[in-house]
Amino acid sequence: MPTSRLATLLTLALPVALARATQAVDGFADAYMIAPLGKTALTATTTGSLNFFGLFIFAMGMCTIIQSYSSQFTGQGDIAAARRYGSYGLLFAAAIALLGLAAMPFIAPVVSALPYDVAVKDEMARYIEIRSISLGGGIAIEALGNWYGGTGNTKLAMRAGLLSMVINIAANWLLIGGNWGCPALGVEGAAWSSVIANWLAASYMIWHFVRDGRRQVGARVGTTAASRGGWRREFFIMLWVGLPAGLNWFFEFSAWLVFVNGAVSGLGDLAVGALNVVMQINSVSFMPAFGLATAGAILAGQAIGAKKHDEVPGIVWLTFRVTAVWMLLMATLYALLPALILGVFSSAWPAADRDAFVAMAIPMLMLSAAWQLFDAAGLTLAETLRAAGDTFWPTTLRIAIAWLVFLPCAWLAVEVWRLGVVGLMAAIILYIALIAGAMWLRFRSGRWRAIELTASP
């Protein structure tokens, strides 16, 4: 593989990896700064964040198709057509903002049905209600991040992520514990911090998109078929093509929510808190890997747009090798130094539960090392298929594995075989390995080569 392509991949990937890593830091900071308030507050915040993500992830998944259009039109040299899809992304974000507000009255009744202590459910419901205000801002960030990424500009999303991270951490310090005269809002403070950070970062990206549009001659929506009313057709076709990706993310994540709120919660609040901490730690490996996979998908999409399909397998192989090196490095740290890594959280954990938390979390973190290489393969292949517009069959395969294999295996591990946290982690390893295998078979079939994503409607 040419050195220039490796350099291009890393140049694209580093900002994406940093942008995704800031999301991991946000979750890490929320958990760390709320932990001194006790396991009720920690469980409400970490699990509330997880459940909120269930509201967010469907639209987030649909936004990924914007990058597919943007990268392919960029590969064709059609900047005007590419720019329209950034505008469609903002229109989609506005619709999601309204849906988020409309969903707020239904959150408390849904959370009340979950198998947690009453105190946890009350705090969790309020956390999710507040976070719902940020849905539109979060989707605007995702939409424009995907659009700019497809054009080859991954630095703007990185800057927005860094801005959001700094604001979130600062606001957490002010609002969770009540510093500098601010009210001590606890769990609600963590939620409001995320709302403030999301909307300020979204405003930053929207300002850039509008400013850049004024500078690009001929790149306005009205200069092409969109001026004849074709924009509505393009917009709804984009949503239709992106729907499988949204459903994939939603149903896979829903399976994870059932797993956490069902199988894991049956082992107690401590197990839920420990798993969520372990997954937050794993996001440090996952987010940069996802950034690398996304960078590979941008190159693959541009190659497809330029009708250079034969270059895509080489891009996939290069992306996997780089991603695998990173994931294996992190796997080594998880396997060899779990106590040191968990020490950051155990020191903030209430003293009465500290030893039990460490005893439960150490084997979970060590076992998580086993899925890192599978995750590298699955991420790389899934992102490349999405870039090609191949969304339906990968979605069907992933949902089937999540609901027909992962959840039954997790239930058997806990309820029948009584394997505890080891059984839970084994179910996750199996799930990620099967996803990687399914994506490899789909890519190897070559069906993605026949898809014409940017053909005129």
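Is Tyr-85 buried or exposed? Tyr-85 is buried, at a relative accessible area of 4% (buried means under 20%, exposed over 50%, partly exposed in between, with a 1.4 Å probe and protein chains only).

1. A word on the model: it is predicted, with local features needing pLDDT of at least 70 and side-chain atom pairs pLDDT 80 or more, while totals for chains, interfaces and linings use all residues. Residues are numbered from 1 along each chain as its sequence is written, and side-chain values use heavy atoms, leaving out hydrogens and water.

2. On the fold, the protein chain has 15 helices and zero strands (DSSP runs numbered from the N terminus: H or I of at least four residues for helices, E of at least two for strands). Of its 457 residues, 56% are buried.

3. Now the rings. The count of aromatic pairs is 23 (Phe, Tyr and Trp rings, the six-membered one for Trp, with centres within 6.5 Å; planes under 30 degrees apart are stacked, over 60 edge-to-face, the rest tilted). Tyr-69 and Tyr-85 are stacked, at 4.3 Å centre to centre and 5 degrees between planes.

4. Phe-259 and Phe-406 form a tilted pair, with centres 4.9 Å apart and planes at 45 degrees. Phe-259 sits in helix 8 (residues 230–264) and Phe-406 in helix 14 (residues 392–416), so the pair ties together parts 147 residues apart in sequence.

5. Finally, ring pairs join Tyr-69, Phe-73, Tyr-85, Tyr-88, Phe-235 and Phe-236 into a cluster.
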